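Biologist: I would like to learn how to read helix packing. Please take me through one case.

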Amino acid sequence: MPTGPHPLRRLQHPPSIKVRFMTVTPDNIPGDPRFFVTQGPFELADLARCSGAELRAAKDGGEARRFTGIAPLQSATRAQVSFLDNRRYLPLLEGTDAGAVIVAPAFADKVPAHAAVLVSRAPYQAWARIAALFYPAPPVAPGIHPTAVIGAGCEIDPTAAIGAFAVLGERVRVGAGVDIGTHVSIGAGVEIGARCRIGAHVAISHALLGERVTLLPGARIGQDGFGFAVTPEGFENVPQLGRVILEDGVEIGANSTVDRGSIRDTVIGAGSRLDNLVQIGHNARLGRCCIVVSQAGISGSTELGDFVTVAAQAGLIGHIKIGAKARIGAQCGVMSDVDAGADVIGSPAMPFREFFRNVAFLRRMARKTTQDGGGEKADKA
């Protein structure tokens, strides 16, 4: 075995290089120029038009300003825009130095006199639009990197970008304005619609992607589903002959997985959002604009209606149906169908009110047992 310090520990910076460390605080201004390109400055009228908010001038009649960016209430300057969407932060609103604030109508009179007011019934949506105005998505740089491997028969729109070390199998079709990151693997026959963004190290096979689909780094789309026959000798794999269909506007988080179907397709409906570390089993079908939060798992052949929300770490067994606009609570264990519009929590899942009634009952029983001395008797036993 070699002795002495590890060779990496002996490395030193050359005398001519000075290493500096930035002091990071929770209130650092967003949009670090090392990572984000800023547009602007913009007039208040531009911000109101972009967000759809009603513009109200500052109460003190101060001069019109041009705005250079966005920031939270506690750190914004007179040249920046901030927002309030939760009454618990009203003390921060009263002390903010922001030049303009986006608020709901109920809070418009709480904005300091020096600040212009952007009144919106959906402040967070208005904030998102203004943030995107200052910090738009980076443009696609068309072209195929020289290290990329392109299979025979591929059709790649000239406005698409293929990153370093990406591998495209035979007959892959890539639409206009698609951005494929580094080390992406795309299997034979995959079709990718216009303006999709595929992050680094994503793997896609047996899949058809609509337009404006976003796959964050490490996502896995179209691999074998978890299907096998149990025999006296062990397990025998069942061929997975379906596909994955990602409809328009779907976004899938980092390191999430969507298995292809066994005998029918796995479908993620238009506009749906999957967080990081989500598992979707084979043959599952999600409706439009569903939300599935981190570490949740949806088993094979389960169907979700439109606008269903599945919170973090929830687990859904296979072959059940979740009605439109149902909400599944965090760490919920869903073992049967859920009606449209229902809110369920717990394991096994039950309606919110029933769950919390049960919790309250158990607490009362625990207190009663302690008061009756049952707890002490149990301890002595």
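Modeller: Start with two helices: α1 and helix α3 (residues 123-134) pack at an angle of about 125°, with their axes 8 Å apart. This is a predicted model, where local features need pLDDT of at least 70, side-chain atom pairs count only at pLDDT 80 or more, and totals for chains, interfaces and linings use all residues. Residues are numbered from 1 along each chain as its sequence is written, and side-chain values use heavy atoms, with hydrogens and water left out. Helices (H or I, at least four residues) and strands (E, at least two) are DSSP runs, numbered from the N terminus. Axes are lines fitted to C-alpha atoms, for helices over the stretch in contact, and angles run from 0 to 180 degrees between N-to-C directions.

Biologist: Which residues make the contact of α1 and α3?

Modeller: Contact means heavy atoms within 4.5 Å. On the α1 side the residues are D46, L47, C50 and S51; α3 supplies A126, R129, I130, L133 and F134.

Biologist: Which residues of helix α1 are buried?

Modeller: Buried means under 20% relative accessible area, exposed over 50%, partly exposed in between (1.4 Å probe, protein chains only). In α1, residues 44-51, the buried ones are L44, L47, A48 and S51. Down the axis of α1 they fall within an arc of 95°, so they line one face of the helix. The arc is that of the directions from the helix axis to the C-beta atoms.

Biologist: Where is the place of G31, and which residues does G31 touch?

Modeller: G31 lies in the segment before β1 (42-43). Not counting residues up to four places away in sequence, G31 touches F36 and Y135. G31 and A131 are 100 residues apart in sequence, yet 9.7 Å apart in space, C-alpha to C-alpha.
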